[in-house]
Amino acid sequence: AKYPLKRKQWLSPNAKVDDETKAFIASQSDTGPKPDYVFGPGPLSMGYYHILTRNAYKILYVRLTKEQPPVACCCFASKDSHTAYDEWYEVKTICYNRSIASIPDDAQARDDAITIARGEALAHYHEQQNFQLVVMAVT
């Protein structure tokens with residue numbers, strides 16, 4: 001999908017992209033690339049999920065996480081390896097943001113990701129504070 005993505009709602013895998021195009025094509029095996037589709041597991045089983053479904057980005061994020069390019073020391077790595085890693089990281093971040101976004105809008109996706117990160121950080125902070133209170137009470 002083009003960047004930045006800005007639509008009002010995600011397509012359901014059960015929906016149609018247009019009058020003739022389904023958002024999900026069932027397939028137990030990857031039969032090769034299909035334009036605007038991503039092959040992988042999802043709520044409707046294995047198959048091709050259209051890139052206007054959130055499921056496509058969940059599949060892509062998992063795939064990208066497993067395919068991280070090699071990382072070398074910043075002092076000895078070539079400029080090409082730094083560029084490859086930076087590009088991979090940017091695409092992975094976009095896929096993550098889209099995979100958790102409430103709507104298919106990259107600005108909203110970024111905000112949703114920040115909200116989730118803040119919530120996790122706050123939960124960790126409170127857990128540590130509670131642990132310290134217990135330790136202080138026991139000692």
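## Group meeting: a walk through the predicted model

Tyrosine 57 is buried, at 3% relative accessibility. That is my starting point. One caution before I go on: this is a predicted model.

Where does tyrosine 57 sit? It lies in helix H1, residues 54-66. From there, look across to phenylalanine 24. The C-alpha atoms of tyrosine 57 and phenylalanine 24 are separated by 13 Å. Along the chain the two are 33 residues apart.

Phenylalanine 24 belongs to strand S1. Is phenylalanine 24 buried or exposed? Buried, with 12% relative accessibility. The cut-off for buried is under 20%. Now its neighbours. Leaving out residues up to four places away in sequence, phenylalanine 24 touches Pro13, Leu44, Ser45, Met46, Gly47, Tyr48 and Tyr49. Take tyrosine 49 from that list.

Next, the whole protein. The secondary structure comes to 3 helices and 3 strands. What pattern do they follow along the sequence? It reads β-β-β-α-α-α.

On to overall dimensions. The C-alpha trace spans about 70 × 40 × 30 Å along its principal axes. The radius of gyration is 20 Å. For a compact globule of 139 residues, the figure would be near 14 Å. How much of the protein is buried? Of the 139 residues, 27% count as buried. The protein exposes about 9800 Å². Carbon and sulfur atoms supply 58% of that area. Now contacts between residues at least 6 apart in sequence. Of these, 43% join residues at least 24 apart.

Let's turn to charge. There are 16 positive and 16 negative side chains. The centres of the two sets lie 4 Å apart. Side chains of opposite charge can pair when their charged atoms come close. How many salt bridges does a search of the whole structure find? It finds 3.

Start with lysine 6 and aspartate 105. Their side chains meet in a salt bridge, 2.9 Å from N to O. Lysine 6 is in the segment before strand S1 (24-26), and aspartate 105 is in the loop between helix H2 (79-100) and helix H3 (106-138), so this pair ties together parts 99 residues apart in sequence. Check the exposure of each partner. Lysine 6 is exposed, at 67% relative accessibility. Aspartate 105 is buried, with a relative accessible area of 10%.

Next pair: aspartate 106 and arginine 98. This salt bridge is 2.8 Å, N to O. Aspartate 106 is buried at 9% relative accessible area. Arginine 98 is buried as well, at 4%.

Then arginine 110 and aspartate 111. Here the N to O distance in the salt bridge is 3.4 Å. Arginine 110 is partly exposed, with a relative accessible area of 45%. Aspartate 111 is partly exposed too, at 34%.

Aspartate 112 sits in helix H3. It is buried yet has no salt bridge. Which side chain of opposite charge is nearest to aspartate 112? Arginine 54, and it is 6.5 Å away. The salt-bridge cut-off is within 4 Å, nitrogen to carboxyl oxygen. What does aspartate 112 touch, then? Ile100, Ala101 and Ser102, not counting residues up to four places away in sequence.

Last topic: backbone angles. Most residues other than glycine have a negative phi, and most peptide bonds are trans. Two residues here deserve a look on that score.

One is aspartate 36. Its phi is positive, about 70°, although it is not a glycine. Aspartate 36 is found in the loop between S1 and strand S2 (37-40). At 46% relative accessibility, this aspartate is partly exposed.

The other is serine 45. Phi of serine 45 is near 90°, again a positive value in a residue other than glycine. Where is serine 45? In the loop between S2 and strand S3 (47-50). You have met serine 45 already: phenylalanine 24 touches it.

So, back at strand S1, with phenylalanine 24. I'll stop there.

Notes
Residues are numbered from 1 along each chain as its sequence is written. This is a predicted model: local features need pLDDT of at least 70, side-chain atom pairs count only at pLDDT 80 or more; totals for chains, interfaces and linings use all residues. Side-chain values use heavy atoms; hydrogens and water are left out. Helices (H or I, at least four residues) and strands (E, at least two) are DSSP runs, numbered from the N terminus. The radius of gyration is taken over C-alpha atoms; the globule rule is 2.2 Å times the number of residues to the power 0.38. Buried means under 20% relative accessible area, exposed over 50%, partly exposed in between (1.4 Å probe, protein chains only). Contact means heavy atoms within 4.5 Å. Accessible areas come from the Shrake-Rupley method with a 1.4 Å probe; for residues, only the protein chains shown count as cover. Lys and Arg count as positive and Asp and Glu as negative; His and the chain ends are not counted. The place of a charge is taken as NZ of Lys, CZ of Arg, CG of Asp or CD of Glu.
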